[in-house]
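Student: I would like to learn how to read the features of a structure like this one. Where do we begin?

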Amino acid sequence: MRIANLNGRLVIVTDAGVVDVEDASSHRFQADPQSIYPQWDDFREWAASTDLSDAQTVFDTALLRPPAPRPAQLFAVGLNYREHAAETGLQLPQHPMVFTKFVSCLTGAYSSIAIPEAGNTDWEIELVVVIGRRAHRVSAERGWEHVAGLSVGQDLSERITQIRDPAPQQMSLGKSLPGYGPVGPWLVTPDELPDPDNLQMSCAVDGVQMQKASTADMIFPVAELIAQLSEVLPLLPGDVLFTGTPSGVGYGMKPPRYLRPGQTLVSRIDGIGELRNVIVAEQNSVSTRSERN
């Protein structure tokens, strides 16, 4: 099953189009996409037994928003691919390197993303996991049982902000500028995928491939990440987890390369879909205030 956030309304995506969940369920489930995760098992049961053939055949993909727009917790993992650790000159972690992104960074699959003029904004394609069942001290063997679904994500990173202090790095701030967390285009349940632990992923800037890998190359796979995170704190329905990026980021190139206004960033994971984000220049605060007056 694929579910999406279409301009703030929860929909099921079928081959024929989209089905509005609130209307199709006679208001049993709310339109708010975030509200579905605490009811995930009931929702899955309802969807499996409901005729979804009455789908809206045409919808505007530009209206797709993050499938979990307001998670209580938004985690990210660094250095989860060996070649990425090597290109950054850092040692392989013995445990997942976890930090947070702030919820205000989340944006849609086709949203434009504004970057600061005096910045070094980098791309980082990632598999994104949304939690469907509360997980606390679960084993890796049962980790996938707590996953609602998977999306494509970009952990965009403003490198100047991220590394401006020697220790500790400003990971959360540098990766949480507005729009620096596009997720989508929808959420795909793991049963739709032949092997959810082996998904081909790629990232391109203006048609030039920058990253290509498989999620099978993760140091800590999805189930292991859920086990180790849930050992420390409960993972809640609707929580979002960025699982790490492979090699090919701009920071690791010689010389480094970064995003610039006018470029198009395309991020794709087979079996899930793609993000297509146009990069634009951030308006300064003076211009923004003038436009509001």
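Tutor: With the elements: helices (H or I, at least four residues) and strands (E, at least two) are DSSP runs, numbered from the N terminus. Strand 13, for example, covers residues 181-188 and contains Pro185. Residues are numbered from 1 along each chain as its sequence is written. This is a predicted model, in which local features need pLDDT of at least 70 and side-chain atom pairs count only at pLDDT 80 or more, while totals for chains, interfaces and linings use all residues; side-chain values use heavy atoms, with hydrogens and water left out.

Student: What is the mean pLDDT of the protein chain?

Tutor: pLDDT is the predictor's confidence in each residue, from 0 to 100. The protein chain has a mean of 94, and 96% of its residues reach 70 or more. Over residues 285-293 the value is below 50, and beyond near neighbours in sequence this stretch has two contacts in the model (contact means heavy atoms within 4.5 Å).

Student: Which domains does the assignment give?

Tutor: Domain bounds come from an automatic or database domain assignment. Here the protein chain is divided into domain 1 (2-59) and domain 2 (65-281). Their centres, taken over C-alpha atoms, are 25 Å apart. To the contact, domain 1 contributes 16 residues and domain 2 contributes 20 residues.

Student: How much area do domain 1 and domain 2 bury between them?

Tutor: The size of an interface is often given as the accessible area lost when the parts come together. Buried area is that loss (1.4 Å probe), summed over both parts. Domain 1 and domain 2 bury about 1500 Å², with 52% of it on carbon and sulfur atoms.

Student: How many salt bridges are there between domain 1 and domain 2?

Tutor: Side chains of opposite charge can pair when their charged atoms come close. The criterion is a side-chain nitrogen of Lys or Arg within 4 Å of a carboxyl oxygen of Asp or Glu. Between domain 1 and domain 2 there are three salt bridges. Arg70 pairs with Asp32, their closest N and O atoms being 2.5 Å apart. In the whole structure, the search finds 15. Another salt bridge joins the side chains of Arg133 and Asp41 at 3.0 Å, N to O. That pair links distant parts of the chain, 92 residues apart: Arg133 is in the loop between strand 10 (125-131) and strand 11 (147-154), and Asp41 is in helix 2.

Student: Where are the cis peptide bonds?

Tutor: Most residues other than glycine have a negative phi, and most peptide bonds are trans. A cis bond joins Gly184 and Pro185, with omega about -5°. Another joins Lys254 and Pro255, also with omega about -5°. Pro255 lies in the loop between strand 16 (240-242) and strand 17 (264-269).

Student: What is the phi of Asn7?

Tutor: Phi of Asn7 is near 55°, a positive value in a residue other than glycine. Asn7 sits in the loop between strand 1 and strand 2 (9-14).

Conventions. Buried area is the accessible area (1.4 Å probe) that two parts lose on being put together, summed over both.
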